[in-house]
Amino acid sequence: MGSPPSAMDSTDTPEFPSMRINLSNLTLSSYSSSDPYNPNTLPVHADNALPAGRVPFGRPMRSLFNFAPSYHPLNHGSYGTFPRYVLEHKIQKLREFESRPSVYRTFVYPAQLRHSRSLVAPFLGADIDEIVLVPNATTGINTVLRNILPGYGEDDVVVFPSSIYPSCWNTLRSVQEEMGNWKKGFELVEMTLDHPITDEALVELFTQTVDKLTKEGKRVRLAIFDTIVSGPGVRVPWEELVAECKKLGVMSLIDGAHGIGHIDLTETGKSVRPDFMVTNCHKWLFVPRGCAVLYVPFENQDLIKTALPTSHGYLAPEVRGHDREDEHGGNIFEEEWQGRGGEKGKWSEYFTTLFVDVATVDCSSYTCIEAALEFREKVCGGEEAIRDYCFRLAYQGGNRAAEILGTGVMDVPDIAGYGSLRRCNFANVRLPLTVVKRGDTAGTGDVDEEDIRAVVVWIYRTCARDYDTYLQTFFIGGHVWTRFSAQIYLDVSDFEWGARTLLEICERVKKGEWKGTT
């Protein structure tokens, strides 16, 4: 009987295919045609190539997306969507990953992530090392708030408008709970907004709120504002509000969920420079879900101690060595940190390092930014062409929908004919429903204010079940509104269809069809 196998010596070491790969440039082209794990050999849709030249907006553009033939996509703002070309690119990235998971994730993905950041940074006018990618705006907001709020005390205040996105409000309350501050600790002050409101009135309200709190001996530490409110879908003078924050010595956190790919943000890192900002790429930039940009200027990066969840990039306080409140002077970003394993880096790298390896999740959407931008430039004609079409469609389509419904569009008109509220891709159209308070005299078909939630839920379900669409509907200022989203795959006829559908649905509401449903 032969001797048992012994440990291999150096002459017996087999040659692994992965060891012959140029790890700094591992792409689909790195695979040989005989490699059984070559993702290039897997089937790809024949229509994945970009069209030759620009495609007209409207119906012709719809054919390049993934919609079901009967579906009416009038609510792009909630979850976004992306072209078939980008979908196939995402699938290819997944094939790259799955062909050699450990090699790809360890050596290839970090370089692809940095490349994606380099492409998106100019959209915010920011340095590449002032932005990182996170799954969504909610994660970005949580990252900022859970890093900075634990340092706030009893006389510190966070100010925000009543139109704040619900998950942001929930995060504020959650941090209060974790700190044991439900009744004692930093204070939350909500500014009540009555939409529609002018830009000047909103800025003045904020200034007055801060002045009042300051006179009461409190310190407003942070203000949270949107670029564009989700409900109602209206633009906010966020640039002016950031400037006012600077004058008042208040830090600013901008929720730009509806931002990149929707409005021009190129002055963010230049003349505006909020203290923190997050903006979703998967809503309006045609990047797959979920992908968002978290912007933190260099001067504030020492406030971000950890990503969420805390993961491999985190360094403990004794390793980081410096916090903003320490006596140590100078620019911490010019000094080195040294990790527990002996790794070294500049402080300017710590912030971005936090977000390179944040748990094991599907990061393929982060690698699709290049494909999305290629589609927008080559097929759509660039950002300005997209914005111009969508702004015009929201304005014209919203007016036409209101005409069909016999109502109006939410706005505060200026001398140009329409106000800043409508300088975005949304149109909020009032529905022909009369809402009355309980106890008031109600006419036939009127809706009791206490029943409005049940009515709105019924509208959502009826739209999906009977009309194969989703129309974002909400109750504000005593009226029921629907938020239409303009996008390059729609035209005015889509708004007309939506208005006729809503007219029919409102008649069904007046007949009481919603009763008995929840």
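Select helices α15 and α16 to begin: α15 passes α16 in a right-handed crossing, a crossing being right-handed if the near helix is turned clockwise from the far one by less than a right angle, and left-handed if anticlockwise. Helices (H or I, at least four residues) and strands (E, at least two) are DSSP runs numbered from the N terminus. This is a predicted model, in which local features need pLDDT of at least 70 and side-chain atom pairs count only at pLDDT 80 or more, while totals for chains, interfaces and linings use all residues. Residues are numbered from 1 along each chain as its sequence is written, and side-chain values use heavy atoms, with hydrogens and water left out.

With α16 (residues 492-510) still selected, note that its axis and that of α15 come within 11 Å and cross at roughly 125°, axes being lines fitted to C-alpha atoms, for helices over the stretch in contact, with angles from 0 to 180 degrees between N-to-C directions. That makes α15 oblique to α16, since angles under 35 degrees count as roughly parallel, over 145 as roughly antiparallel, 65 to 115 as roughly perpendicular and the rest as oblique. Show side chains next: residues of α15 including V455, W458 and I459 meet residues of α16 including W497, I505 and V509, where contact means heavy atoms within 4.5 Å.

Move on to the open sheet of three strands, whose order is β10-β14-β13 with antiparallel pairing; two strands pair if DSSP finds at least two bridges between them. Because β10 (426-430) and β13 (472-476) stand at the edges, each with a single partner strand, one side of each is left without a neighbour in the sheet. Five bridges join β13 to β14 (residues 479-485), and W481 in β14 is the bridge partner of F474. Bring back α15 (residues 452-467), which packs on this sheet, touching β13 and β14, its direction making about 165° with that of β13.
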